[in-house]
Amino acid sequence: MNASPGRRLGHARGIAALLTALLTTVALLTVAGCSGESDPTPGPMAASPTTPPTTAYPLEKPGGTLRLLTGRMPTGDPGWADEPGERAFARLVTRQLYSYPADADTARSTIPRPDLAAGAPVVTMGGTVYTVRLRSAARWNTPNQRRITATDVARGLKRMCAPPSPSPLRGYYAATVVGFAEYCAELAAAPVADAPALIESGTVPGIEVIGDDTLAFHLIKPVNDFVDVLALPASSPVPLEALAYPPDSQQYLDNLISDGPYRFVSEPGGGYRLSRNPAWSGSSDGIRRALPDHITVTDGLDPATITARIEAGDADMALGGDIPADDLARLVESADKKLVVAPTGPVVVLVVGLNGPSAAALRDQQAREALAYCIDRTAVAAALGGPTLATATAQLLQSPMTGYETYSPFPAGDGSGDSRRCADGLANNPGGRVTALSLLTTDSATDTAVAEALRAAFARAGIRLDLRIRTGAQYTAAASSPGGQFWDLALTTITPDWFGDAGRTVYEPLLDEAWVGARPADGGYRRPDLLARYESAVTASSEDDAATDWAGLERTVLNDAAVVPLAVTHTSRLRSSAVQAFTIVPSLGTADPTAVSLGP
């Protein structure tokens, strides 16, 4: 068993030698054959929504080489896998306690199922302790095919706090697991060179290792989506050897140790090649079908080149990234069957700046309601490639999410807005007449198209919309600083990290000031009662209560009109004609490469 839950971070220089010795010991382990032992019959497991009804997968053809293209090769570090390409690659070489299956039915693909876990967690202590047992047959691709242990899982979680750039996904754990936020704060203050030893010796009070095969997670409060948190790529175990390399780095990739169905079989250089991992057993993995025999990854390509090569049959799919707008429009117009579009995706949102140049007016509810009528959602969806690629929406939640129900607080006919109500409301409000507003946006082709659609809609009401274009870090700094706003409106995107029981992934980054990690543009919208309502929704003990609470919270936020949804952009991915089975997994943001079936 690990050190007691109360143990704090130790002195780095006193334990650095210990880490070195451990790494040396691991490197010198004798080669042994893969254990043939089967998983023991698990003990009693609590009833859990993590196992959907059994489905029979369609007959799929195994074999062949799947050819992947990408602009930037992911590092394979699961703790930092927050983009579709990174998550897709993580599917090849990592495993989590729970994972989402590849299934065309979103009602099934949004429910996490046991992966490394032997079954559903046992939930005790009023919902604040989750005990998870691991499969005994899961192995690392090391010379001795070493077993994956509870300590490996704990190491992966602690490692998310590693300085100087901790994981953007750590916010879910910091808000949920006892002592995780404090552990991250202590590790952030440590010298970078000392971090590996501190990770190996330190203990998070809320992550209790009980032998090799069991972990107990102690939660700050009972939450109804903790299994979804444990299904994030960041919940992957990490081997001891990984501590020798900086997180999310080329060195990590070059020395990657796989516990997934594939492993590197050649040194990087002009491309990457993976083949089946002999330490992986399909009987111990009910998530990854591992259909291709081999997988190649070619990086350093721009989106146009990637699209052209897939269309020409010189590659099979992209790891992630968007298809160029012109190519996407052409594929939609020709109804190309190689283009696969998911019903889910990011939501494009307009955030109202409550501390900007027009704050005196926009802080007034009447003015914000009028503002909502200025927007032509139909034109925005068209600018995003709709109706196939984008759907106008007045909501932040999407249909696969708990609590979703159709709602539009400021309906305007066919969704094209109401110029008269917009003009009258902004001309006659307590904060003074509004004739012009500024819009913060990036220079991306997508944002440019949306900004022009918005500018045309506002112009119909006699309101001038001035663009404030910022790129990269400049946009991030401007969008995240409500105290120094020089803008009235900001274009931003809310991309859920999972679907299903997913209200947290939409609303916590939006409402919780203590949230650490990525968040949408911050207009300064603050209502303490909303955070309490959020807490009620995420801690609801029944699905019906959770649905009611999430729906109520959404209605209140939308009625306040400080955050105005515009459209859902449906995730679209291109496959080659050789690909026979290709299903987009909502939580990955692309297709599961282990489940892709290739034709002759």
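## The main core

Let's start inside: the largest nonpolar core has 127 residues, and Phe180, Phe217, Leu396, Leu454 and Tyr507 touch the most other members. A nonpolar core here is a set of buried Ala, Val, Leu, Ile, Met, Phe, Trp, Tyr and Cys residues joined through side-chain atoms within 4.5 Å; buried means under 20% relative accessible area, worked out with a 1.4 Å probe on protein chains only. Apart from that core lies another, of 29 residues, including Ala88, Leu92, Val93 and Met317.

Keep in mind that this is a predicted model, where local features need pLDDT of at least 70 and side-chain atom pairs count only at pLDDT 80 or more, while totals for chains, interfaces and linings use all residues. Residues are numbered from 1 along each chain as its sequence is written, and side-chain values use heavy atoms, with hydrogens and water left out.

Back to Leu454: skipping its neighbours within four places in sequence, Leu454 is in contact (heavy atoms within 4.5 Å) with Leu350, Ile375, Val380, Leu439, Leu465, Leu491 and Leu566.

Helix α6 covers residues 180–188, and its buried residues are Phe180, Tyr183, Cys184 and Leu187. They sit on the same side of α6 because they cover an arc of only 100 degrees around the axis, going by the directions from the helix axis to the C-beta atoms. The helices here are DSSP runs (H or I, at least four residues), as are the strands (E, at least two), numbered from the N terminus.

What do the buried residues of α6 pack against? They meet α4 (150–159), α5 (170–174), α7 (195–201) and β6 (207–210). As for α4, nine of its ten residues are buried, among them Asp152, Arg155 and Lys158. Its buried residues pack against α5, α6, α7, β6, β7 (214–218) and α9 (250–254).

## A look at Val229

Val229 is found in helix α8, residues 226–229, and counts as buried because its relative accessibility is 0%. Tyr172 is 57 residues away along the chain, yet the two C-alpha atoms are separated by 6.8 Å. Leaving out neighbours within four places in sequence, Val229 is in contact with Tyr172, Tyr173, Ser235, Trp498 and Arg504.

Technical notes. Buried means under 20% relative accessible area, exposed over 50%, partly exposed in between (1.4 Å probe, protein chains only).
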